[in-house]
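Subject: Structure handover

Hello,

Here is the structure you are taking over. My notes on it follow below.

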Amino acid sequence: MSTSTTASVSTHILDTSIGRPAEGVAVHLSARSGREADWQALGGSATDADGRCKDLPALPEGTTHVRLDFAVEPYFEKFAKKQADAQQDAPANRDSGAVFFPEVVITFAVKAGEHYHVPLLLNPFGYSVYRGS
């Protein structure tokens with residue numbers, strides 16, 4: 001939870017190709033205090049059965065920018081055949097087997113005292129993010 005001197009971050013992933021949460025995706029959190037500052041790796045987590053990371057590390061005081069790095073390649077490699085077989089004309093049936101987006105990196109600005117929920121809507125050939133509530 002954020003305080004008046006820090007911001008907080010949460011995320012979840014929905015695999016829109018199957019209409020279900022993406023379980024087991026590694027998520028790494030980094031922060032910096034200013035545009036020119038170096039990124040500080042804070043740690044990470046993995047999505048649970050509901051596609052949520054409930055234990056991301058707290059942000060340090062003075063954080064102005066946050067980066068979420070989603071390692072989606074292992075997720076898609078694990079579920080590619082299962083998903084392709086479940087979908088009519090599934091893209092994985094026509095693809096070379098390579099994951100198009102092996103990782104998704106989202107960088108955003110934060111202000112102290114606010115909470116930022118950043119959902120990732122994911123499919124094998126695209127993604128979308130937004131500031132949730």
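How much accessible surface does the protein chain have, and what share of it belongs to carbon and sulfur atoms? The accessible surface is about 7600 Å², and carbon and sulfur atoms account for 49% of it. Please keep in mind that this is a predicted model.

Overall layout

The protein chain contains nine strands and two helices. Read from the N terminus, the order of the elements is β-β-β-β-β-β-α-α-β-β-β. Of the 133 residues in the protein chain, 36% are buried. Counting contacts between residues at least 6 apart in sequence, 66% join residues at least 24 apart.

Strand pairing

Strand β6 (residues 65-71) takes part in two of the pairings I looked at. With strand β3 (residues 26-32), β6 runs antiparallel, and seven bridges join the two. Within that pairing, His-28 stands opposite Asp-69 of β6. With strand β7 (residues 104-109), β6 again runs antiparallel, this time through six bridges. Here Phe-70 has Val-104 in β7 as its bridge partner.

The nonpolar core

Which residues have the most contacts inside the largest nonpolar core? They are Leu-68, Phe-70 and Phe-108, in a core of 26 residues. At least two residues of this core come from each of β1, β3, β6, α1 (73-86), β7 and β8 (115-123). The biggest contributor is β8, which gives four residues. As general background, nonpolar side chains in soluble globular proteins tend to be buried together.

Phe-108 is worth a look on screen. Leaving out residues up to four places away in sequence, Phe-108 touches Val-9, Thr-64, His-65, Val-66, Leu-68, Tyr-116 and Val-118. One of these, Leu-68, is also among the residues with the most contacts inside the core.

The segment before β1

Thr-6 sits in the segment that precedes β1 (8-15). Is Thr-6 buried or exposed? Its relative accessible area is 15%, under the 20% cut-off, so Thr-6 counts as buried. Apart from neighbours within four places in sequence, Thr-6 is in contact with Leu-59, Pro-60, Glu-61, Ala-112, Gly-113 and Glu-114.

Aromatic pairs

How many aromatic pairs does a search of the whole structure find? The search finds five. In one of them, the rings of Phe-100 and Phe-101 have centres 4.8 Å apart and planes at 75 degrees; that angle is over 60 degrees, so the pair is edge-to-face. Phe-100 also pairs with Phe-125, with 6.5 Å from centre to centre and 40 degrees between the planes, and this pair is tilted. Phe-100 lies in the loop between α2 (91-94) and β7, whereas Phe-125 lies in the loop between β8 and β9 (126-129), so the pair ties together parts that are 25 residues apart in sequence.

Phe-100 is exposed, because its relative accessible area of 54% is over the 50% cut-off. Phe-101, at 25%, is partly exposed, and Phe-125, at 38%, is partly exposed as well. Together with Tyr-127, these residues (Phe-100, Phe-101 and Phe-125) form one aromatic cluster.

Regards

Definitions and conventions: Residues numbered from 1 in each chain as written. Predicted model: local features only at pLDDT ≥ 70, side-chain atom pairs only at ≥ 80, totals over all residues. Heavy atoms only, no water. Buried < 20%, exposed > 50% of the residue type's maximum accessible area, 1.4 Å probe, protein only. Contact = heavy atoms within 4.5 Å. Pairing = 2+ DSSP bridges. Areas by Shrake-Rupley, 256 points an atom, 1.4 Å probe, with all protein chains shown as cover. Core = buried A, V, L, I, M, F, W, Y, C linked by side-chain atoms within 4.5 Å. Phe/Tyr/Trp six-rings, centres within 6.5 Å; stacked < 30°, edge-to-face > 60°.
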